[in-house]
Amino acid sequence: MTKLGPKTCWVAEWPMNPTNGQLLHTENASWQWASDLYFPELGNARHFDISTDYLNAFS
């Protein structure tokens with residue numbers, strides 16, 4: 001992060017129960033807040049990483 005700067009970095013940290021009021025790493029470009037989210041209609045075997053892309057840097 002020192003070389004690239006926080007606005008170009010993606011950070012992974014998984015709080016127990018993230019909420020709209022508990023946004024983390026807003027100083028960075030993106031924050032991955034889960035690595036095990038699944039959609040019931042796809043079955044329990046399909047886990048997804050979930051991120052918030054604050055600056056649309058990765059979308």
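Trainee: Which residues does Asn-28 touch, not counting residues up to four places away in sequence?

Mentor: This is a predicted model, in which local features need pLDDT of at least 70 and side-chain atom pairs count only at pLDDT 80 or more, while totals for chains, interfaces and linings use all residues. Residues are numbered from 1 along each chain as its sequence is written, and side-chain values use heavy atoms, without hydrogens and water. Contact means heavy atoms within 4.5 Å. With sequence positions up to four places away set aside, the residues touched by Asn-28 are Met-1, Pro-6, Cys-9, Val-11 and Tyr-54.

Trainee: Is Asn-28 buried or exposed?

Mentor: Buried means under 20% relative accessible area, exposed over 50%, and partly exposed in between (1.4 Å probe, protein chains only). The relative accessible area of Asn-28 is 1%, so this residue is buried.

Trainee: Which kind of aromatic pair do Phe-39 and Phe-48 form?

Mentor: Rings of Phe, Tyr and Trp (its six-membered ring) pair if their centres lie within 6.5 Å; planes under 30 degrees apart count as stacked, over 60 as edge-to-face and the rest as tilted. By this rule the count is 1 aromatic pair. Phe-39 and Phe-48 lie 5.5 Å centre to centre with 65° between the planes, and their pair is edge-to-face.

Trainee: How accessible is Phe-39, and how accessible is Phe-48?

Mentor: Both residues of the pair are partly exposed. The relative accessible area is 33% for Phe-39 and 26% for Phe-48.
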